[in-house]
Every structure is written in C-alpha cells, then in structure tokens.
Amino acid sequence: MIINDKSNIETYKASPERYKTMKYNRSGNSGVLLPSISLGLWHNFGFVDHLETSRSILRCAFDLGITHFDLANNYGPPYGSAEENFGILFNKDFKNYRDELFLSTKAGYDMWPGPYGNWGSRKYLIASIDQSLKRMKQEYVDVFYHHRPDPNTPLEETMIALADIVRQGKALYVGISNYKPKETVEASKLLKALKVPFIIHQARYSILDRWVEDGLIEVIDKEQIGCIAFSPLAQGLLTDKYLKGIPSHSRAAKDHTYLDVEHVSNNLQKIKTLNKIAEKRGQKLSQMAISWLLSQPKVTSVLLGASSPEQLKENILALNNVEFSREELTQINSISL
Ligand SMILES: NC(=O)c1ccc[n+]([C@@H]2O[C@H](COP(=O)([O-])OP(=O)(O)OC[C@H]3O[C@@H](n4cnc5c(N)ncnc54)[C@H](OP(=O)(O)O)[C@@H]3O)[C@@H](O)[C@H]2O)c1
C-alpha cells in the first residue's frame, strides 16, 4: 500500500492484510518461522537495475507476507550493490518493520581482490560480515551463511568464525549453502559442539534439479535443520516465458553467465511437457514448480527471484494448490528424473 503524505513524498505503509494468506514453516527444530515463499536479491537489485523497480518488488513481497529477504556480499552487479541498494530501500521503507523482517546474507564466493576476499577463512568471513552490515545499514542480520564449502580451509576454522559472528551479535543464527551431505554432517557436529544456532541449509532445488534428493534431504532431516530451496524456477526456465522463444528482457537474454540460450533450448521439450501438466492442474508452470517444492515435506521455504511485482503476485498463488495426485507426480518424475 502506498500513501502520499503532505509533502508529496511517497511513504510506504505495509498492507494490513499482509499476514492473511502466507503460511509460515518452522526452520528445523529452531524457534524461527520462515514464510513458505522468500525473496532473493541475487538479480534485479544491483546498481545496473532500476532502483524503483527493486523498491516495488520489496514492497510487494512484504505486502504479501514475505518476511524473509536473502542477500549475499557479492550480489549485484557490481558486487556489494544489492546489499547497498537494500540498505537505501530499507531506510526509506522498512525501518519501522525491522522486527517483522528476517534478513540473511552470505560470504564464500569471490568478493574482493587478493587472498582474503574469497572462500572460508576466518579473516574473510569476519571482514565480510562487517562490510555487509554497513552496506545493508543493519546492526545485525538474522542469518549469516557460509556460501559454499572451502576445500582448503579447515572446516573448524570456518565454523568457529560463524560462531564468533553470532557471539559478537552480528548474526542471530547461522546457515550453510551448497554443502554436500557429508560436509553438512561435519559442519552440524562442529556447530552443535560450539552451541551455535545452526538453523538452515540453502540448496539449489527444483523440479529440474533434484541433487538434494541424493542424501542431503536425509541429512537435513536427521540434523533437524531447515531447508530453503534456491532457484526454484531454474532461473525462469520453469515458467511459460521461454515457450515461444527468448524474450529480450529475460534473464537468458541478458545474463549469459548463469542461464544461456543453449540451456533453454536443451530443456524446451521438458518445459513444454511440464507446462501441459500445469495447465491440467489449472496452474501456470511457475506456480506448479513452486507448489511441487512446497509439497516436499523437508522444504521450509521456497526462495524465489523476481524481476517485477507482477511475477511475485502470480507466483504466490502457488500456495493455493499444493496437493499432487500420484499420477501427476509420476508424470513429473518421468520428465525430470
Ligand atoms: N546459495 C546460493 O549459492 C544461491 C545461488 C543462486 C541463488 N540463490 C538465492 O536464490 C534466489 C532465487 O534465485 P533465482 O533468481 O535463480 O530464482 P528463480 O525463482 O528460479 O528465478 C527467478 C527468475 O525467474 C523469472 N520469473 C520469476 N517468476 C516468473 C513468472 N511468474 N513468469 C515468468 N518469469 C518469472 C524472473 O526472471 P526474468 O529476469 O527472466 O524475468 C526471475 O528473476 C536468489 O535471489 C538468491 O537469494 C542462492
């Protein structure tokens, strides 16, 4: 909801309806409830993007009950700019809502030049959270993640750094991302011994990408942590946007690093078949892809990206239809497995 004050400056006032439809799930055995759908700021929030579009996406998300925004030090481009833009928009619109928000950031990938701006050393992680807090204009984040495992740093060093970040009051909880099952067990053991609230694993998971079913989900269940599924739409592939070619403003047209035209055309037949199943269910393909993840018992939250508020409004309707018949699941598996 947007109201105009006397000085004609647009002031944001969150919708009073915002908690009416969203469902909140407990993250593992922690005290934290996360929205079934969360918003990631990897794309569409950098200095290369339009700040007013980013602003409208954040406002729309919060109005829909999406209380969790996910960032990382290197989101942009350029690196750091998504956090910086978030800080600007937080000060404009969300300052009064900090305690209704659950914010995360991460470090683990390439961020600044030289030997201390990447991977998992204590040196990197502690410098990085300090930088992130400044850019995001926050005193603390709710979750700080190690973004990916580092094969060359002792895991104990990385986990002690996460623990110290919590003890310094810079994060309330910790998480890990892109850790394989065995690495997750080891991290969990260390964090439990350090008595740090380790509440979540952030993993790539979609109808088209099922690697987590190969052991990770079992570990997440056993360690009693939450699972937040990233790139649930396979970056836009699991929508109807590529069915008739590559639209010029789509991610595949703009960003050849993470989603290229070849990948889209290699998957086109699968997408067309999945789209037919979605139509029979009375859903858009994007909605079915989200519903399918929401029907997975160990998924705490589905971490969406969006380039417009309209996409979010369309995607949120997935919450209304999360039941799948045995036949539908068999059909989906025959396409994706
Ligand atoms: N931990 C990690 O290593 C890691 C890695 C990647 C992502 N993540 C997190 O996960 C978040 C989500 O990742 P993602 O952006 O790849 O997620 P995604 O939800 O799979 O893809 C989002 C993109 O799909 C398109 N889209 C969304 N809804 C649509 C609709 N209804 N119709 C048509 N197109 C639609 C938009 O792309 P267009 O621009 O084409 O419109 C949108 O930006 C990130 O922001 C980040 O927080 C984490």
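## Packing of α5

The buried residues of α5 pack against α4 (155-167), β9 (171-177), β10 and α6. Packing here rests on contact, meaning that the C-beta atoms of two residues, placed from the backbone, lie within 7 Å. Helices (H or I, at least four residues) and strands (E, at least two) are DSSP runs, numbered from the N terminus. This is a predicted model: local features need pLDDT of at least 70, side-chain atom pairs count only at pLDDT 80 or more, and totals for chains, interfaces and linings use all residues. Residues are numbered from 1 along each chain as its sequence is written.

Thr184, Ala187, Ser188 and Leu191 are buried in α5. Seen down the helix axis, the buried residues of α5 fall within an arc of 100°, so they line one face. The arc is that of the directions from the helix axis to the C-beta atoms. An α-helix has 3.6 residues a turn, so residues three or four places apart point the same way. The face of α5 turned away from the buried side carries the exposed residues Lys182 and Ala193. A residue is buried if 20 or more other C-beta atoms lie within 10 Å of its own, exposed if 12 or fewer, and partly exposed in between; C-beta atoms are placed from the backbone.

## Backbone exceptions

Most residues other than glycine have a negative phi, and most peptide bonds are trans. Lys195 follows α5 and has a positive phi, near 55°. Lys195 sits in the loop between α5 (181-193) and β10 (198-204). Lys195 is exposed, with 10 other C-beta atoms within 10 Å. Gln224 also has a positive phi, of about 55°, although it is not a glycine. Gln224 lies in the loop between α6 (216-223) and β11 (226-230). Gln224 is partly exposed, with 13 other C-beta atoms within 10 Å.

A cis peptide bond joins Gly76 and Pro77, with omega about -10°. Another cis bond joins Pro77 and Pro78, and omega there is about -10°. Pro77 is found in the loop between β6 (68-70) and α2 (81-94).

## Around the ligand

The ligand is surrounded by 30 residues, the closest being Gly40, Trp42, Phe230, Gly236 and Gly305. The elements giving two or more residues to this shell are β12 (301-304) and α10 (309-316). α10 gives the most, with three residues. A residue counts as near if its C-beta atom, placed from the backbone, lies within 6 Å of the molecule.

The shell divides into nine nonpolar, 17 polar and four charged residues. Ala, Val, Leu, Ile, Met, Phe, Trp, Tyr, Cys and Pro count as nonpolar, Asp, Glu, Lys and Arg as charged, and the others, Gly among them, as polar.
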